[in-house]
Amino acid sequence: MRRKILCSTLPLLFVAMASPLAAQDGKSPDPAKGGDHKKEMVAAAENAWAKPPVDEQSSTSKGSVTVRGQKIAYTATAGTLTIRDDSGKPTASVFYTAYTRDGVRSKNRPVTFLYNGGPGSATIWLRMGSFGPYRVATDSPIYVPPAQYSLAPNPDSLLDKTDLVFIDAVGAGYSRPLGDKTGKDFWGVDQDADAFARAIARYVAKNDRWNSPKFLFGESYGTLRSPVVGSLLEQRGISLNGIALLSTILNYGVRQPGYDQDYMGLLPTFAATAWYHNRIPNRPADLKTFLDEVRAFDSGAYAAALAKGDNISDAEKRQVAQQMSAYIGLSSEYIMRDNLRVSLWHFMTELLRDKGLSTGRLDTRYTLDVSDANAAFPDDDPASTAITGAYVASFRDYLSNRLGYKTDLPYKLSARDSTFDWDWSHEAAGERWKQNNPNTAVDLAATMRTNTSMKVLFLNGYYDAATPFYSTEFDAAHMMLRPELRKNISFTYYDAGHMIYLNPRALTRMHDDVAAWIDSATR
């Protein structure tokens, strides 16, 4: 009975609570004005909406970094570049951070444009891990716990050789479409490359860098982007001195079902991984010598076996499987069941299955405790999750407190959302037909034939299974270049994975390699 009385009095209590409010202004609420109130709320939200700027914005600050014993003073700029279509209409606001050395003549100093891949990734990883004046302290292959997040001056910054401009893709970071443009106008092989080419051209024009030696530095999908950007810039009167490709993928077509090249590309990386985890018998002392042997097998007996498809004899299949087993640490029986075609996912879960671990993809040295020891696919990529928290927290603190850039826009690690649909078709330079899956080695070769002094540098991690080094070697060897032009291509290799700069010792070497390469391209 008491419960019924309390419930029945609730409407009266609400009336009593509301009546003093009505008495204070001497007016009774007018339900008819509810629509006006809603409009006011919508207007207030509209006014508070964080929107990308059409007018270019920037925040500058000063700093210094010591590289190889030399103190380098620099100006840091965080801001936006407004890119426009051919009619001059603004199409996107592109966020960048630039570092330019003080006390030198900038008009003749090299400038390098850097970006990550995805596609659709922000350039937080290169910006905070590679060649900028500050970097997130990591020592792969370990997970970075919150208590150990550390941002420190970077003794391997490339500011001793080149100014640096880090650019976010449209829809990622703080880069956004403008006006009636949407993400779909930029989310495609050619659309994306055009936006980057326009942003680079805008930076060159705005800062009068026309006579500066110019370089592109892309990572991952950024390496597929770079040949297209380089081709577009060449067509628009901006010639490059060089293109550096970190953890390269140029040809997505071979990753379609029915192509064997992807399995061939992965085999030497599998071998390097088995060597690292000590899963092969009679483990050779020298990795490089071992991989030369694996390469010879890959391009010889293995390639011949795969080319035969189902026509291969049982005896040849078993012989090849046994040799693969000696190289990659999986049993010959397992390899036979996979028809000599071991997928990346199978390798990641099978190599250390007896230990209850799977390996990483971006860096196969990383391991992850598995939830299902019988699984055919890994739970996650430990090489990715290990560093994300450290990078995001360090970047947001660095941008606000050191660079002084303020915005209410959310910083998006990726453009990928419910509307993200990448257009993989590509109109390659010099080709009559549109590619349905991009192979931008075609564009790179075309630009090298036009700009015969342009240098190309491939930077590879032995333990990168996302963009294997042997696939890069194969694509570079099939660009059909004259011997004189092939001399403009060089390769370097590191005891690292996809993000080579996570390993501080590898980063030191990579700095020296890139610095020497820049010197060779500016003589």
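Modeller: The lining of the largest cavity divides into five nonpolar, six polar and three charged residues, where nonpolar covers Ala, Val, Leu, Ile, Met, Phe, Trp, Tyr, Cys and Pro, charged covers Asp, Glu, Lys and Arg, and polar covers the others, Gly among them. The model is a predicted one, in which local features need pLDDT of at least 70 and side-chain atom pairs pLDDT 80 or more, while totals for chains, interfaces and linings use all residues. Residues are numbered from 1 along each chain as its sequence is written, and side-chain values use heavy atoms, with hydrogens and water left out.

A cavity is a set of points, on a 1 Å grid over the protein atoms alone, where a 1.4 Å probe fits but cannot get out, and its lining residues have an atom within 4 Å of a point. Four cavities of 30 Å³ or more are counted by this rule, and the largest of them holds about 110 Å³ of space, a volume being the space filled by probe spheres set on points joined across faces, edges and corners. Around this largest cavity stand 14 lining residues, with Ile249, Asn251, Val254, Ser471 and Asp475 nearest its centre. Two or more lining residues come from each of α6 and α14 (469–477), helices being DSSP runs of H or I with at least four residues and strands runs of E with at least two, numbered from the N terminus. Helix α14 gives the largest share of this lining, four residues.

The second largest cavity contains about 70 Å³ of space. Its lining comprises 13 residues, among which Ala169, Val170, Asp192, Ala195 and Phe196 are the closest to its centre. Here the largest share, again four residues, is supplied by helix α4 (residues 189–206). By class, the lining of this second cavity has ten nonpolar residues, one polar residue and two charged residues.

For context, the largest pocket, which is an open set with protein on both sides within 12 Å along at least five of seven lines, has a volume of about 1100 Å³. Gly118, Arg255, Arg361, Leu362 and Ala466 are the closest to its centre among its 44 lining residues. Helix α6 (261–276), already named for the largest cavity, supplies at least two residues to this pocket lining, as do β9 (214–220), α10 (344–350) and α11 (382–385). The pocket lining has 22 nonpolar, 14 polar and eight charged residues. These elements belong to a chain whose secondary structure comes to 16 helices and 14 strands.
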